[in-house]
Amino acid sequence: MIEQSGRRERKKAATRQKIADTALRLFLERGYDAVGIRDVAAEADVAVTTVFAHFASKEALVFERDQDFEQHLTRAVTDRPPHEPLIPALHREVQALVRHCTAEGSAPVRRMIEGSPALREYEESMSLRHAQALAAALTADPHLSRSATVCRATARFVIDAYALACRADDPGATVDEVFRMIKAAWEATAP
């Protein structure tokens, strides 16, 4: 039974990835606004209901790694060794996430997002949700000893560091610069 469950999960993941890859290809070929969910379903050879079983909206197809992003950030807090300082752990994680968003081939996707009001709005709401999840992880960590306000502000700055770096000419330097400010603010709020 365990093997069957694993097979089912792998099949669902493969279907999800096929839908996302197909959608992105169509969006880049034809333009985001020119492609509908029916087009994606037909090209991926799945039912429209299958697309919606995996993705809540058309915008979610573009940001299919949304949950992974959030998990990476919160795990930088929750999975770090007890003796490891928080800010360097977050800094490393954001640098890795930025390398992904600025990897070769990512520029057309970034241009598509920037050119679509619906995608920019979705990205902003996603960023707010990520900041809330990160703030919750920070607040829940008993070793950090910071107020909820400090945790919320820090989380928002971390998310903003990522967003700024993904649009910067020198993404790595941008992350480093913003994290110097984050580190200074974090240290200034120590009890």
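Where does UniProt place the feature "DNA-binding region"? The record, an unreviewed entry, puts it at residues 36-55. UniProt positions follow the numbering used here, feature names are shortened, and annotations may be inferred rather than shown by experiment.

This is a predicted model, in which local features need pLDDT of at least 70 and side-chain atom pairs count only at pLDDT 80 or more, while totals for chains, interfaces and linings use all residues. Residues are numbered from 1 along each chain as its sequence is written, and side-chain values use heavy atoms, with hydrogens and water left out.

## The annotated span

The span 36-55 is 75% helix and 0% strand. Helices (H or I, at least four residues) and strands (E, at least two) are DSSP runs, numbered from the N terminus. The end C-alpha atoms of this span lie 13 Å apart.

Asp45 sits in the loop between α2 (37-44) and α3 (48-54). Its phi is positive, about 60°, although Asp45 is not a glycine. Most residues other than glycine have a negative phi. Is Asp45 buried or exposed? It counts as exposed, because its relative accessibility is 66%. The cut-offs are these: buried means under 20% relative accessible area, exposed over 50%, and partly exposed in between (1.4 Å probe, protein chains only).

Ser145 also has a positive phi, near 50°, and is a residue other than glycine. Ser145 lies in the loop between α8 and α9. With a relative accessible area of 46%, Ser145 is partly exposed.

## Helices with a buried side

Helix α5 has 13 residues. From first C-alpha to last it reaches 19 Å, close to the 18 Å expected at 1.5 Å a residue. The expected span is 1.5 Å times one less than the number of residues.

Which residues of α5 are buried? They are Asp66, Phe69, Glu70, Leu73, Thr74, Ala76 and Val77. These residues cover an arc of only 145° around the axis, so they lie on the same side of α5. The arc is that of the directions from the helix axis to the C-beta atoms. Exposed residues Gln67 and Thr78 are carried on the face turned away from the buried side. What covers the buried residues of α5 includes α6, α8 and α9.

Helix α7 (residues 107-114) has buried residues too: Val109, Arg110, Met112 and Ile113. Seen down the axis of α7, they fall within an arc of 160°, so they line one face of the helix.

## Nonpolar cores

In soluble globular proteins, nonpolar side chains tend to be buried together. A nonpolar core is a set of buried Ala, Val, Leu, Ile, Met, Phe, Trp, Tyr and Cys residues joined through side-chain atoms within 4.5 Å.

The largest core here has 31 residues. Leu86, Leu90, Val94, Leu138, Val158, Tyr162 and Phe179 touch the most other members. The elements giving two or more residues to this core are α5, α6, α8, α9 and α10 (171-188). Its largest share, nine residues, comes from α9.

Take Val94. Leaving aside neighbours within four places in sequence, Val94 is in contact (heavy atoms within 4.5 Å) with Leu73, Val158, Tyr162, Val175 and Phe179. Another core, of 22 residues, lies apart from the largest one. Its members include Ile19, Ala60, Leu61 and Val109.

## Salt bridges

A salt bridge is a side-chain nitrogen of Lys or Arg within 4 Å of a carboxyl oxygen of Asp or Glu. How many salt bridges does a search of the whole structure find? It finds 15. The table gives some of them.

| Pair | N to O distance |
|---|---|
| Arg65 and Asp68 | 3.3 Å |
| Arg129 and Glu70 | 3.5 Å |
| Arg80 and Asp141 | 3.0 Å |

Arg65 is partly exposed, at 42% relative accessibility. Asp68 is partly exposed as well, at 32%.

The bridge between Arg129 and Glu70 links distant parts of the chain: Arg129 is in helix α8 (residues 117-140) and Glu70 in helix α5 (residues 66-78), 59 residues apart. Arg129 is partly exposed, at 34% relative accessibility.

Now consider Arg80 and Asp141, which form a salt bridge. Arg80 lies in the loop between α5 and α6 (86-101), and Asp141 in the loop between α8 and α9 (148-166), so the pair ties together parts that are 61 residues apart in sequence. Both residues are buried. For Asp141, the relative accessible area is 13%. Leaving aside neighbours within four places in sequence, Asp141 is in contact with Val77 and Arg80.

Finally, a network of salt bridges links Arg110, Glu114, Glu123 and Arg167.
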